[in-house]
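Open the model in your viewer and keep the sequence panel beside it. The tour below gives one selection at a time and says what is there.

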Amino acid sequence: MNNIFTNIRHFFANMFRKEDNEPWLGYYSKEDRTIQFTRKNIYEYLVDSVKKSDMDFIALNYFGTKINYTDFFKYVNLTARALKKFGVVEGDIVSICMPNMPEAIYVFYACNKIGAVADMIHPLSSPDQLKFYLSESESKLLFLVDFDYDKMSEVIEASSVQNTVLISPKESMPAALTLGYTITRDLKTKRPSKHDENYYKWKEFLRFGLDYKEPIKSGMKCNDLALILHSGGTTGSPKGIMISNYQFNAEMMQDCVNVYDVRPGDKILTILPIFHGFGLCVCVHTPLCLRVETILMPEFEMGRFVSIMKHDKPNVMLGVPTMWEAMMSSPKFKNIDLSQFKYLISGGDSLPVAMEVKFNDFLHQHGCHINVMKGYGMTESVAATCYTFPGTNELGSIGIPMVGNTYKICDIETGKELPLGVEGEICVNGPTLMMGYLHNEKETNKVLKRDKNGRVWLHTGDIGYISPNGCVYYTQRLKRMIVVSGFNVYPSQIEEVVASHPDVKACTVIGIPHKYKMHVPKVFIVLREDCEKSEIRVRHEIKQICKQKLSVYSQPKEYEFRTSLPKTLMNKIDYKKLEAEQKLKEE
């Protein structure tokens, strides 16, 4: 049925094809292409999206605790009043360092309701990272998951933070799970002295809201700063990314165009973290505006994950390649039915073609009637700027620019725009591009560049090309390119070939120094647990595949087998750490 609908949609869409140099426009209807992005702030748009007849729909599902929209807005409003009682005013920055918990979402929307700025911080950040974030934002109020207190207390005391609200993951759990969590984890959690007046528990904080009786009026406009996200950008150094109400809502409205088959009452499994634009906007704000039940997972745990698949049966899920690998490798998934899925979307990292094929086969074997979709974007653009939907989901492609976005491919050296089919740096123009980096105009100007026509382009630092039919193909990060004897070698191409070996679970490639060639590729490999072959035999077989599929200068010079590979906080393979380890070996 979906395919019939898609074909009709594309037939009429092609009647409105614009220009040959933007062929992706043919995939969108006239209505889609003339979309008007809202001028409301984030909270206002959510309130207006939920009709009175929808208030009984489930907004959040947290370990089985189901919170409908009536209670959801009640908690947001109470949180907003508590913030006001604490003296938070328009323009103040409030830091939220929490996993996917209802309380974190209440605080996010409450900040927007009163005109404050939400600073979203990874709860697994190091003390030095938190110190940098708090110093940069000059935040005076911090919401912190309680198990981080012991690690972060010294940093908090030395920062500008005046009050900290500590929140336990058990706060919204059902009674039975609360008891279990208390015994296994809560009793081991270190907390501040009861006499320390700078720390509050969640319920203590909410009581302040009961005492605030003044009407809440916010003058926050669509172009005002709404939230701060954090990323290393194209250089790797930490940066605060400023996102306005308009940019955040525009991403949500683009998402809604692409998941046109989602209906109120459907369910989404939200595993991607809310301190990232992909998790906060695409996996929380978008489904809440669509009246979709948002099932929150604070961390990926296979037993809980399988239980949700069996009992909650989500219709939508977004994840990263490491999650798909975990699903395919787990014996717990042997008899799991996945036929209820309308959309499975991969983002956060490139999805190798070999894994895409394997995962699609896995889905079909488990009753799923769709293939995995792919998204591509950066935190500097809130989340995705490119997305696949039926009709554009070509193998290996990342889809087409989302409605309202324009892509161009530029020469890496000259910045000149290149024709379709020619590889270069991916550049994006659209309504979701960040306001800039917080207190860092120099770095902002390196990635946001205005052309002669006044259009601002985000220079992603990623390499790719656009096919004649409008589909975009991502090749590699610009910074990861290895020059071997003057030839450009892209690690992702080698990784894709190595990953095609059936016994390879994970791999990554870095460049290492060479006396004559300057640099050569080195591949790190993790074998599947059920592999019965020796490393020597697997290495020989991979070499034969590489000889067959890669040019001479792209052949890996060294192979190193490991039991695991280091991961970043976003659960991507941390190739930079491997590069640093390699450098130490060479010194």
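Does methionine 518 count as buried or exposed? Select methionine 518: its relative accessibility is 55%, so it counts as exposed. Here buried means under 20% relative accessible area, exposed over 50%, and partly exposed in between, with a 1.4 Å probe and protein chains only.

Before moving on, note that this is a predicted model, in which local features need pLDDT of at least 70 and side-chain atom pairs count only at pLDDT 80 or more, while totals for chains, interfaces and linings use all residues. Residues are numbered from 1 along each chain as its sequence is written, and side-chain values use heavy atoms, with hydrogens and water left out.

**Around methionine 518**

Methionine 518 lies in strand β26 (residues 518–527). Helices (H or I, at least four residues) and strands (E, at least two) are DSSP runs, numbered from the N terminus. Show what is in contact with methionine 518, where contact means heavy atoms within 4.5 Å. Leaving aside neighbours within four places in sequence, these are Val483, Ile512 and Pro513. Then draw a C-alpha to C-alpha distance from methionine 518 to isoleucine 482: it is 9.5 Å, for two residues 36 apart in sequence.

**The nine-stranded sheet**

Next, select the strands in the order β2-β1-β11-β10-β12-β13-β14-β15-β16, which make up an open sheet of nine strands with mixed pairing. Two strands pair if DSSP finds at least two bridges between them. β2 and β16 (400–401) are the edges; each has a single partner strand, so one side of each has no neighbour in the sheet.

Go to β1 (residues 58–62). Four of its five residues are buried, so the rest of the structure largely encloses this strand. On one side, β1 runs antiparallel to β2 (residues 65–68), joined by four bridges, and asparagine 61 stands opposite lysine 66. The two strands form a hairpin with two residues between them, and phenylalanine 63 in the turn has a positive phi of about 55°. β1 also pairs with β11 (residues 293–296), in the parallel sense and over three bridges. In that pairing, tyrosine 62 stands opposite leucine 296.

Now pick threonine 270, in strand β10 (residues 267–270). What is its relative accessibility? Threonine 270 has 0%, so it counts as buried. Beyond four places in sequence, its contacts are Asn100, Cys283, Val284, Thr294, Ile295, Leu296 and Met297.

**Helix α5 and the cores**

Select residues 102–114, which are helix α5: 13 residues reaching 19 Å from first C-alpha to last, close to the 18 Å expected at 1.5 Å a residue. That expected span is 1.5 Å times one less than the number of residues. Twelve of the 13 residues are buried, among them Glu103, Tyr109 and Asn112. Glycine 115 follows the helix, with a positive phi near 90°.

Keep tyrosine 109 selected. Not counting residues up to four places away in sequence, it touches Ile42, Tyr43, Leu46, Phe72, Val76, Val284, His285 and Leu288. A nonpolar core is a set of buried Ala, Val, Leu, Ile, Met, Phe, Trp, Tyr and Cys residues joined through side-chain atoms within 4.5 Å. In the largest one, of 141 residues, Phe72, Tyr109, Phe143 and Met317 touch the most other members. α5 gives the most to this core, nine residues. Apart from it lies another core, of 29 residues, including Ile494, Ile542, Ile545 and Leu550.

**The cavity**

How many cavities of 30 Å³ or more does the structure hold? It holds one. On a 1 Å grid over the protein atoms alone, a cavity is a set of points where a 1.4 Å probe fits but cannot get out, and lining residues have an atom within 4 Å of a point. The largest cavity has a volume of about 200 Å³, with points joined across faces, edges and corners and the volume being the space filled by probe spheres set on them. To find it, select Asp255, Val259, Val282, Leu318 and Ile345, the closest to its centre of the 18 lining residues. Finish on α11 (277–289), which supplies the largest share of that lining, four residues.

Key: 1 Å grid on protein atoms, 1.4 Å probe; cavity = no way out; pocket = protein on both sides within 12 Å on 5 of 7 lines; lining within 4 Å.
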